[in-house]
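Have the viewer open as you read.

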Amino acid sequence: MNVKISGLHKGFGPNHPVLRGVGLEVPQGTFTAVLGPSGSGKTTLLRALAGFGRPEEGTIEIGGRVVDGGGVFVPPNKRRIGYVPQEGSLFPHLDIAANIGFGLPRGQRKARAAELLDLIGLADLGHRYPHQLSGGQQQRVALARALAAGPTLVLMDEPFSSLDAGLRASVRADVRGILRDFQMTAILVTHDQDEALSMADQVVVLRDGVVVQQGAPQQLYDNPADQSLARFVGDANLVVGVLAGEVVRSALGVLPARALDGLGDGARVTALIRPEQIKVLPEGDGELAGSVLSCEYFGHDTLLSITPDGDGVEPLLVRTGFEGSLAVGTRVSLAVSGAVTVWPAA
């Protein structure tokens, strides 16, 4: 089912507004991540969608039907929504099959639980109890329970936050695959940028109860709405320059520019350069020289901080795929590839 939210306001008393006119659309069968820092209103928005907390103003439509707003309120148990809370909240005194079938008509529980256990890859574990499963297995069971009653929409409230880093990526992939198999419309709230960008068809960024930007993950990463968002959705180098046609002249050289609406020749701008856009070359081979300030090796890539020569340029973050590390003080050259997003300089 598609979801449409218009002009949603929700607060806790007159002096504590949380959602301030939120509006967004979720197309049917898509996966949307609502991304934002703590206190931005993510969970409040999810609870309003589920019917657990009523907004003061605005309208919520699910599948073209108003479920809240204009004098209409459809209670949570009538909305056909599956809800996966942060900790899974499985019943410890019930085995896994009973957890999945909980709330279904008695005659449907066994068959439906068996079907979903097979789907989530735990067909032989239905007799176990939650404490006998790993964290990742528990999250898959929580999702299966949310799907058991045949919802039209699944809501997930930071369901992977309690998993260790090594397990998180694999469980995300499992959950994404299950939802895709069901062609299910799903909304995930998270403060994890990697989670949002890697899982979602679209990302909605909340800041102080307002939607800052909504779009495909690559759109948000390449063309963030402002400098704060650029820093929030990834590592960012922000460099001041002057616009000349469709390029920016800066201390890092002449850079092809995008997002030029309303900006003309001679405009002073701030350019966004992602760390992976900067190439590290042997000293003398690039347009700009500098010295390695720090080096963090992660196996799959290396993150360098490099202090460019000259005045007026802050240390640059550089993400490179070469193996090994560079010693602090190593002299290198730098070159920027690809276009940069620009905004008027502060």
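**From one residue to the whole chain**

Thr-320 is buried, with a relative accessible area of 14%; buried means under 20% relative accessible area, exposed over 50% and partly exposed in between, using a 1.4 Å probe and protein chains only. This is a predicted model, in which local features need pLDDT of at least 70 and side-chain atom pairs count only at pLDDT 80 or more, while totals for chains, interfaces and linings use all residues. Residues are numbered from 1 along each chain as its sequence is written, and side-chain values use heavy atoms, with hydrogens and water left out.

You will find Thr-320 in strand 19, which covers residues 316–320. Helices (H or I, at least four residues) and strands (E, at least two) are DSSP runs, numbered from the N terminus. Not counting residues up to four places away in sequence, Thr-320 touches Asp-301, Thr-302 and Leu-304, where contact means heavy atoms within 4.5 Å.

Now step back to the chain. It holds eight helices and 21 strands, and its C-alpha trace spans about 75 × 50 × 35 Å along the principal axes. Of its 346 residues, 45% count as buried.

Next, turn to a helix pair. Helix 4 (residues 135–147) and helix 5 (residues 165–181) pack at an angle of about 20 degrees, their axes 10 Å apart; axes are lines fitted to C-alpha atoms, for helices over the stretch in contact, and angles run from 0 to 180 degrees between N-to-C directions. That makes helix 4 roughly parallel to helix 5, a label for angles under 35 degrees. On the helix 4 side, Gly-135, Gly-136, Gln-139, Arg-140, Leu-143 and Leu-147 meet Leu-167, Val-171, Asp-174, Val-175, Ile-178 and Leu-179 of helix 5.

What about the nonpolar interior? A nonpolar core is a set of buried Ala, Val, Leu, Ile, Met, Phe, Trp, Tyr and Cys residues joined through side-chain atoms within 4.5 Å. The largest has 41 residues, and those with the most contacts inside it include Phe-31, Ile-100, Leu-143 and Leu-179. Helix 4 gives the most to this core, with six residues. Leaving aside neighbours within four places in sequence, Ile-100 is in contact with Ala-113, Leu-116, Leu-117, Val-141, Ala-144, Arg-145 and Ala-148. Apart from this core lies another, of 25 residues, among them Leu-24, Ile-81, Leu-153 and Leu-206.

Definitions and conventions
Parallel < 35°, antiparallel > 145°, perpendicular 65-115°, else oblique.
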